[in-house]
Each structure stands twice: as structure tokens, then as C-alpha cells.
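Hi everyone, thanks for making time for this. Have a look at the model on the screen, and then we'll walk through it together.

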Amino acid sequence: DEVRPMLRKCIEDDMAKFARKVNGLKACSEFSLGTFEDAVLACSNRGILSMYLQEQLSIFDHHKIEGFFWTWRMPYGPN
């Protein structure tokens, strides 16, 4: 749980700025659980990724931002 406050601060800083600067309906259309540009080196710890998702959703809800989740995961691919 020592990671949670760091995640929350990073996400909150960006989403609060977004909410202040955009009037009306808001959406985050580049929403994913990707943690690094190289999937092989990205975080694969399910507990951390679940925490990351929970924090994003909580902050989106707080700022009335709709999230659009997408993934590069292919149905029959190795990733």
C-alpha cells in the first residue's frame, strides 16, 4: 500500500488540471493500464495493476471524467 499514495498523486495532479481547464463533458480516451512503452518491461504485478485501475476510476469519478478503457491485448496474442 505504500505505492497507492504515489499513484494517487500522479493521477490526481493530471486529472485535476484537466478538470479545471475543460468545461462541460469530459472523457479520458487514452485510458489504459499500460505502465511502460515496452510491454515486456511494463509492470505485470496484478495487485499493483488492480490498484492502478482503482485509483484511476476513483479520481475520474471525483472529477466527473468518463474513462474509455482500451488495450493492445489481442485475443490470440502472447501479451
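What volume does the second largest pocket have? In this predicted model, the answer is about 170 Å³.

So who lines the second largest pocket? The lining is made up of C10, I11, D14, M15, C28, E30, F31, S32, G34, Y52, Q56 and F60. Helix 1 (3-21), strand 1 (27-31) and helix 2 (46-62) are the elements that each give two or more residues to the lining. Helix 1 gives the most, with 4 residues. By type, the lining residues split into 7 nonpolar, 3 polar and 2 charged.

Let's pick out the two cysteines in that list, C10 and C28. C28 is buried, because its relative accessible area is 16%, and buried means under 20%. As for disulfides, the structure holds 0 of them.

Now let's step back to the whole chain. The chain has 79 residues, and 23% of them count as buried.

One last number, about contacts. Take those between residues at least 6 apart in sequence: 72% of them join residues at least 24 apart.

That's my tour, and I'm happy to take questions!

Definitions and conventions:
Residues are numbered from 1 along each chain as its sequence is written. This is a predicted model: local features need pLDDT of at least 70, side-chain atom pairs count only at pLDDT 80 or more; totals for chains, interfaces and linings use all residues. Side-chain values use heavy atoms; hydrogens and water are left out. Buried means under 20% relative accessible area, exposed over 50%, partly exposed in between (1.4 Å probe, protein chains only). Contact means heavy atoms within 4.5 Å. A disulfide is a pair of cysteine sulfur atoms within 2.5 Å. On a 1 Å grid over the protein atoms alone, a cavity is a set of points where a 1.4 Å probe fits but cannot get out, and a pocket is an open set with protein on both sides within 12 Å along at least five of seven lines; lining residues have an atom within 4 Å of a point. Grid points are joined across faces, edges and corners, and a volume is the space filled by probe spheres set on the points. Ala, Val, Leu, Ile, Met, Phe, Trp, Tyr, Cys and Pro count as nonpolar, Asp, Glu, Lys and Arg as charged, and the others, Gly among them, as polar.
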